[in-house]
Structures are given as C-alpha cells and as structure tokens.
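Welcome, and thanks for taking a look at this one. Here is a short tour of side-chain contacts, rings, charges and backbone details.

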Amino acid sequence: MIETNTLFSIKEASVWATEHLGKTVTPSNISYLIQYGRIKKIGDNGTTQVSRQELMGYYNSYNGNREFAWKDQLGEDLNWALSFDKYKEAETTKHVHRLHPYKGKFIPQLVEYFLDSHTDNFKKQVYFKKGDIILDPFSGSGTTMVQSCELGMHAIGIDVSAFNALIGNCKVARYDFVDVQAEINRITKVLKEFLANSRTLEFEKKLLQVLYDFNNRYFPVPDYKYNLQRGEINEDKYGTEKEKEFLPIFNNLVKEYNIKLKQDKTDTFLDKWYSQNIRDEIQFVLLKSKRLKILLQKKSLALF
Ligand SMILES: C[S@@+](CC[C@H](N)C(=O)[O-])C[C@H]1O[C@@H](n2cnc3c(N)ncnc32)[C@H](O)[C@@H]1O
C-alpha cells in the first residue's frame, strides 16, 4: 500500500514530480508552487517540506491535465508541442525579449518554429530563407522582427502603438556598446548629483520600508496566498480594508517629504501618470543627454 501522506523535502519533491509527470521538475519549480500558494509549506526555512498528497492533487488538477483539457476543447489534432509548455520562463524571454514585460508577446520559439528551415510532421514546407523580408503588420514588442534578424532575415514591423514601436525598435537597433556604456555612465553620474539635492530617494526608501512591513504583517508570503487559494480570505473585502489602513500612512509620508502627486496638466501620458519628481528626473536626463534626444527624434516617437 502506498503511504499517501508522505512528506518530501523540496529536492525529493522535484525528483518525485519529475518521475510522476515524465518531465523535468526542478527544485525551484517546487519552490515556486509554495511561493504562489499552490501547495502548503510545512516546516521552517532549511527544513521546508511539502505533502506528496497535495503535490499530486495539484498536478492532477492542472498541469498534467492541461494538454488533455485543451484537446477536449479544441480537438485531438492539436499540436501540443507548439504550446512550448516545456520551456522555462527564462527561455521564453531569452536575450532582448526580457527588456520589457509586454504582456501580449509571442513565445520566440513559436516564431522560430515557423520561420526557420526545419520541417516536421506538422510544418511540412519551409517558407522562408536567409535574406527574405518578413513583414509583421501587428508587431507589438517586436518578437517577429528579433527572431527574423537572428535567422539572417530582414524584418519590417508596423504597430499602431508608438510605445510598442519604441520597444520593438530598441530591440532591433544596432548599438555601439562602448559608446552606449560611456553615455550611460555619464548620465548616471549627473543624475546622481541631481538626485542628491532632492528628497525623493529618501521618500522612496522610506515608502518601500513601510510597504515591506505592512505587507509582511497583513499579506505574509506564502501563507496569505495559500489561504487565498483555499477561499479562506475574501480578497476584495480584505484588500479594500487594508488599502484604507495604508492610505493615511502613505499620505503622511507624501506630506513629510513634500512629494507632489497631482499634476497641473494632463496633456500627455507622462503628465497624467507620472508624479512631478519622476517627470523632473526624465526631463533632466533628456536635457543632459542630447544624444538620447537625437535617438528618440530619429525614431520619430513623440513620447515626451
Ligand atoms: C498581440 S500584439 C502582437 C504581439 C507581438 N506578436 C509580440 O510578440 O510582441 C498585437 C499588436 O497589434 C497592434 N495593433 C492592433 N491594431 C492595429 C492596427 N490597426 N494597426 C497596427 N497595429 C495594430 C497592437 O498595438 C498590438 O501591439
């Protein structure tokens, strides 16, 4: 008879899950499940354990069944390999794809799959070769352009959003790294001097500290998420209560450090969403960096 309530260390859990699922589950995958309240942490740091029964329940309820659930919905001819679920987040955001956490990204491996020169049972024909021009009329954060360039193809991207165009352009532009580093060092130095005269950094440090204390007290990791998953907390009600409790703490800090939150005008994105001190910093950096300005102007992105 199998003992269902066995306790595993994180390492043992990863070995067991790897065997159970038939794919690699690393200790950090298990830690992730604990961190995000999917399974309960038993014991203290150093001797953390998890229950085999709970781990099995989690995998059976979601991960292991994901492929089958999607096939039920979409049909047996679904090419599950194209879900790329075996890739870790670090792989699906490789090199420049991590520059901005754009939420609507393609997985680069998917783009590669369709652009590169391999064939398989599903992709029976090669469509593109080196030197071809790839057009992505909805280029978003530029995944298609980047992967095309990597494969030696030319790429044109179009996007209605100026911000997305900026992300895409930043990812595919050619840079002189020595020059970029020198410019970054210079701007960092003058910005530090500029900030030394403002109380913003002190305010930010203090705010982070009080937020940290508050969150540790009322939203402890991983207990809070675990209780939430089990429906033991009404997040809307609890969150609203705690927000009300935190607001006076925040307002006192804003007053103490003389931070201007509301802007006098709301003409641009920056006017509307960024506090005065951040706007001052951006403005300062732009003023100090003629070359950065020229770069932005060249890209015709009237963001500022
Ligand atoms: C899902 S995103 C594409 C994401 C992209 N594949 C990537 O990996 O980053 C779709 C994009 O289409 C753009 N878009 C929507 N309507 C458009 C239009 N009429 N013309 C140009 N771009 C448009 C949106 O701004 C958005 O960035």
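Lys 237 and Glu 241 form a salt bridge, with their closest N and O atoms 3.7 Å apart; the term means a side-chain nitrogen of Lys or Arg within 4 Å of a carboxyl oxygen of Asp or Glu. Please keep in mind that this is a predicted model, in which local features need pLDDT of at least 70, side-chain atom pairs count only at pLDDT 80 or more, and totals for chains, interfaces and linings use all residues. Residues are numbered from 1 along each chain as its sequence is written, and side-chain values use heavy atoms, with hydrogens and water left out.

**Salt bridges**

- Lys 237 and Glu 241 are 4 residues apart in helix H12, so about one helical turn separates them. Helices here are DSSP runs (H or I, at least four residues), numbered from the N terminus.
- An α-helix has 3.6 residues a turn, so residues three or four places apart point the same way.
- Lys 237 is exposed because its relative accessible area is 53%, while Glu 241 counts as partly exposed at 37%. The cut-offs are under 20% relative accessible area for buried, over 50% for exposed, and partly exposed in between (1.4 Å probe, protein chains only).
- Salt bridges that share partners also join Lys 94, Glu 112 and Glu 150 into one network.
- How many salt bridges does the rule give? The count comes to 13 salt bridges.
- One of them brings together the side chains of Glu 54 and Arg 230, at 3.4 Å from N to O. This pair links distant parts of the chain, with Glu 54 in helix H3 (residues 52-61) and Arg 230 in the loop between H11 and H12, 176 residues apart.
- Another joins the side chains of Lys 129 and Asp 132, at 3.4 Å from N to O. Lys 129 counts as exposed because its relative accessibility is 55%.

- Lys 242 lies in helix H12, which covers residues 235-256.
- Is Lys 242 buried or exposed? Lys 242 counts as buried because its relative accessibility is 9%.
- The Lys 242 side chain makes a polar contact with the side chain of Glu 245 at 2.9 Å. A polar contact is a pair of N or O atoms within 3.5 Å; within protein, one must be able to donate a hydrogen and the other to accept it, and residues adjacent in sequence count only if both atoms are side-chain atoms.
- Leaving aside residues up to four places away in sequence, Lys 242 touches Phe 214, Tyr 218 and Phe 219; contact means heavy atoms within 4.5 Å.
- The charged end of Lys 242 sits over the ring of Tyr 218, 4.0 Å from its centre. For this, NZ of Lys or CZ of Arg must be within 6 Å of the ring centre and within 35 degrees of the ring normal.
- Elsewhere, Lys 123 lies over the face of Tyr 113, at 5.9 Å from the ring centre.

**Aromatic pairs**

- Rings of Phe, Tyr and Trp (its six-membered ring) pair if their centres lie within 6.5 Å; planes under 30 degrees apart count as stacked, over 60 as edge-to-face and the rest as tilted. By this rule there are 10 aromatic pairs.
- Phe 214 and Tyr 218 form a tilted pair, 4.8 Å centre to centre with 55 degrees between the planes. Both residues are buried.
- Phe 219 and Tyr 238 form an edge-to-face pair, 5.5 Å centre to centre with 75 degrees between the planes. Phe 219 is in the loop between H10 and helix H11 (223-229) and Tyr 238 is in helix H12, 19 residues apart.
- Phe 219 is partly exposed at a relative accessible area of 22%, and Tyr 238 is partly exposed at 21%.
- Ring pairs also link Phe 214, Tyr 218 and Phe 246 into a cluster.

**Backbone details**

- A cis peptide bond, with omega about 0 degrees, joins Val 221 and Pro 222. Pro 222 is in the loop between H10 and H11.
- His 95 is not a glycine, and its phi is positive, near 25 degrees. His 95 is found in the loop between helix H5 (89-92) and helix H6 (108-115).
- Asn 258 also has a positive phi, about 55 degrees, although it is not a glycine. Asn 258 sits in the loop between H12 and helix H13 (269-273) and counts as exposed at 69% relative accessibility.

Conventions
Helix = DSSP H or I, 4+ residues; strand = E, 2+ residues; numbered from the N terminus.
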